[in-house]
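Here are a few exercises to work through with the model open beside you. Take each task in turn, then compare your steps with the solution.

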Amino acid sequence: MTWIATVPFEQATGKLKRLYERITGPGNNVDNIMMAHSLRPHTMEGHMAIYKHVLHHSGNTVPKWFLEVLGVWVSALNKCDYCENHHFAGMKRLLGDDTRADAIRSAISAADVEAAPLDTGQRAALRYAQKLTRTPGDMEITDVQSLRAAGFDDGQILEINQVVSYFAYANRTVLGLGCSTEGDIIGLSPGNSDDPDDWGHR
């Protein structure tokens with residue numbers, strides 16, 4: 001499942017066991033990206049906290065399905081199949097329109113932002129995400145101004161920025177430790193956006 005040792009659910013004790021119990025899905029399944037932290041549970045705790053707050057918090061106003069689109073896009077740019085597959089399944093479920101979701105995935109696979117069946121503002125967000133992912137040192141104030149002009153307020157720009165930044169971290173966690181999807185249940189995510197401490201995957 002990873003290139004480093006991990007502790008399975010059945011062998012976990014102490015803090016690790018308590019964290020596993022908070023993040024499990026059906027059948028006590030723990031996603032491999034989280035199990036990769038098992039030798040240092042404090043990093044799992046940090047990872048889950050930022051993940052839940054950035055992608056699955058009721059304080060966000062950008063639609064959750066579109067935050068997932070950004071995650072799929074950034075993961076594709078970083079060639080992280082693990083996160084791309086997980087978050088595409090989540091995005092498809094949240095969007096509730098399989099045809100549109102598949103068309104978005106096709107545009108992402110072709111790296112063709114303009115072909116995505118999204119509105120002008122959403123495509124602007126994808127362009128911002130692409131630049132921040134590929135050439136972060138080249139970001140300028142005009143990149144934020146472009147998002148404002150596309151209709152996002154500054155709080156929403158922060159949401160977009162944080163999703164792109166989170167996936168830079170998550171993709172490198174997966175790619176650097178060799179996480180596979182073997183044994184994972186693809187597409188689960190924390191469902192209770194109103195409780196930031198509820199990390200259960202559904």
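**Exercise 1.** Which residues does Asn 60 touch, not counting residues up to four places away in sequence?

*Solution.* Keep in mind that this is a predicted model. Start by placing the residue: Asn 60 sits in the loop that links α3 (41–55) to α4 (64–77). Next, collect its neighbours, using heavy atoms within 4.5 Å as the cut-off. With residues up to four places away left out, Asn 60 touches His 53, Val 54, Leu 55, Leu 67 and Glu 159. Finally, look at Val 54 again: its backbone oxygen is 3.1 Å from a polar atom of the Asn 60 side chain.

**Exercise 2.** Describe how α5 and α6 pack, and sort the residues of their contact.

*Solution.* Begin with the geometry. Helix α5 (residues 81–95) packs against helix α6 (residues 98–109) at about 150°, and the axes are 8 Å apart. The crossing of α5 past α6 is right-handed. Now list the two sides: α5 brings Glu 84, Asn 85, Phe 88, Met 91, Lys 92 and Leu 95, while α6 brings Asp 98, Arg 100, Ala 101, Asp 102, Ile 104, Arg 105 and Ile 108. Sorting the residues of this contact of α5 with α6 gives 6 nonpolar, 1 polar and 6 charged.

**Exercise 3.** Do the corresponding analysis for α4 and α7.

*Solution.* Here α4 and helix α7 (residues 120–134) pack at about 35°, with axes 10 Å apart. α4 passes α7 in a right-handed crossing. On the α4 side the contact is made by Trp 65, Phe 66, Val 69, Leu 70, Trp 73, Val 74 and Leu 77, and on the α7 side by Gln 122, Ala 125, Leu 126, Ala 129, Gln 130, Thr 133 and Arg 134. The residues of the contact of α4 with α7 divide into 10 nonpolar, 3 polar and 1 charged.

**Exercise 4.** How many aromatic pairs are there, and which residues form one aromatic cluster?

*Solution.* Pair rings whose centres lie within 6.5 Å. The count comes to 5 aromatic pairs. Then pick out the cluster: Tyr 51, Tyr 166, Phe 167 and Tyr 169 form one.

Terms used:
Residues are numbered from 1 along each chain as its sequence is written. This is a predicted model: local features need pLDDT of at least 70, side-chain atom pairs count only at pLDDT 80 or more; totals for chains, interfaces and linings use all residues. Side-chain values use heavy atoms; hydrogens and water are left out. Helices (H or I, at least four residues) and strands (E, at least two) are DSSP runs, numbered from the N terminus. A polar contact is a pair of N or O atoms within 3.5 Å; within protein, one must be able to donate a hydrogen and the other to accept it, and residues adjacent in sequence count only if both atoms are side-chain atoms. Rings of Phe, Tyr and Trp (its six-membered ring) pair if their centres lie within 6.5 Å; planes under 30 degrees apart count as stacked, over 60 as edge-to-face and the rest as tilted. Axes are lines fitted to C-alpha atoms, for helices over the stretch in contact, and angles run from 0 to 180 degrees between N-to-C directions. A crossing is left-handed if the near helix is turned anticlockwise from the far one by less than a right angle, and right-handed if clockwise. Ala, Val, Leu, Ile, Met, Phe, Trp, Tyr, Cys and Pro count as nonpolar, Asp, Glu, Lys and Arg as charged, and the others, Gly among them, as polar.
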